[in-house]
Amino acid sequence: FGANYILDIFGGVRRDAQRAAAGVEAAKFDAGTVRLALVSGVVSNYIDARYFQEALALTRQNIASLRRTQSLIRAQVEQGTLSELDLARSAGQLDTAIADLPPLEAAFEARVFAIATLLAEPAQPLLKQMIAGAPQPYPRSKGSTGVPANLLRNRPDVLAAERRLAAAVAGVGVAEAKLYPSVTLSGSVTAANPSEWSFGPALSLPILNQGPLRARRDAAIISATTAELEWRAQVLAAVEDVQKTQSEFTRKQREVAALRAAQRSRDRTLQLSRKVFELGELNLPDLLDAERFANAARISLAAAVRDLAQSWSALMVATGRGWGDVS
């Protein structure tokens, strides 16, 4: 049996252990960054899928409304108050609305397939579940980011950069310790003859290789300086992400409120236009314009709600929420 014991006089072994531990922690936080990206991808595709599903529902409602309008026009054509040109004009708008369905259906299914790929699950069961429908995600919180210190504690990429900096600083200690003498105590015992044993210290003096050792120490210092700059850049980028996404979220909230008011006005205009048209006091182009504007307002509101949910998700990612424990 043999054993060695190193007298860690200048802390080289201790610093080497610190470097290894910091490297392990950095790898864990890197895994957290990947996990956060996965969660972000799933949430983003889900938000898009629900938007396209809402757009499909709104388009089908528009098609039903256009068909009712076409029935009114057909009745007036039979009475001689409108011409075949008016009927063809309404039919063209109806056909255009019907043509919008396939691209929306394809976009919805593409997002569902992307979610299935990210989750490594079969697509068909998930597609069946998603087709059942659900409202568009709508953030109810105000998107608070908390105190700035939370950003440094929550973002895994910032934490990983900090741990890499700690590993690089510990590496300087390792390289510095190798410049000085080291003492090792070693001993051995022979199993066949326990009376045969040896024990003694060994002294290592790094005299002739001081040049290479100092070069390695200087390289370690440069690596630590680089790691510090990378950590500072990561912190600044994280702060910028939070500021940008929070500003975007606030603007999207105002946009949704304005579009919701516009959508109510367009729906009211359409209702009144249809009543006036039935009384024969409104031209067909004006009614078709009211139909088109009302549908465009609904789609614009749905798109704004989608963008609001996406900006909220981006804000949560920017503040480092959702990556969980990767240990």
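Visitor: Which helix gives the most to the lining of the largest pocket?

Guide: Helix 1 does, with three residues; helices (H or I, at least four residues) and strands (E, at least two) are DSSP runs, numbered from the N terminus. This is a predicted model, in which local features need pLDDT of at least 70, side-chain atom pairs count only at pLDDT 80 or more, and totals for chains, interfaces and linings use all residues. Residues are numbered from 1 along each chain as its sequence is written, and side-chain values use heavy atoms, with hydrogens and water left out.

Visitor: What divides the lining residues of the largest pocket into nonpolar, polar and charged?

Guide: Ala, Val, Leu, Ile, Met, Phe, Trp, Tyr, Cys and Pro count as nonpolar, Asp, Glu, Lys and Arg as charged, and the others, Gly among them, as polar. The lining therefore divides into twelve nonpolar, six polar and three charged residues.

Visitor: Why is helix 6 called largely enclosed by the rest of the structure?

Guide: Helix 6 is so described because 17 of its 22 residues are buried (under 20% relative accessible area, with exposed over 50% and partly exposed in between; 1.4 Å probe, protein chains only).

Visitor: What span is expected of helix 6, and what does it reach?

Guide: The expected span is 1.5 Å times one less than the number of residues. Helix 6 reaches 31 Å from its first C-alpha to its last, close to the expected 32 Å. Helix 8 (residues 284-318) reaches 51 Å, close to the 51 Å expected.

Visitor: Where in the chain is confidence lowest, and where highest?

Guide: By pLDDT, the predictor's confidence in each residue, from 0 to 100, strand 3 (residues 197-204) is lowest, at a mean of 67, and helix 3 (residues 101-119) highest, at 96. Where pLDDT is low, the predicted coordinates should not be read in detail.
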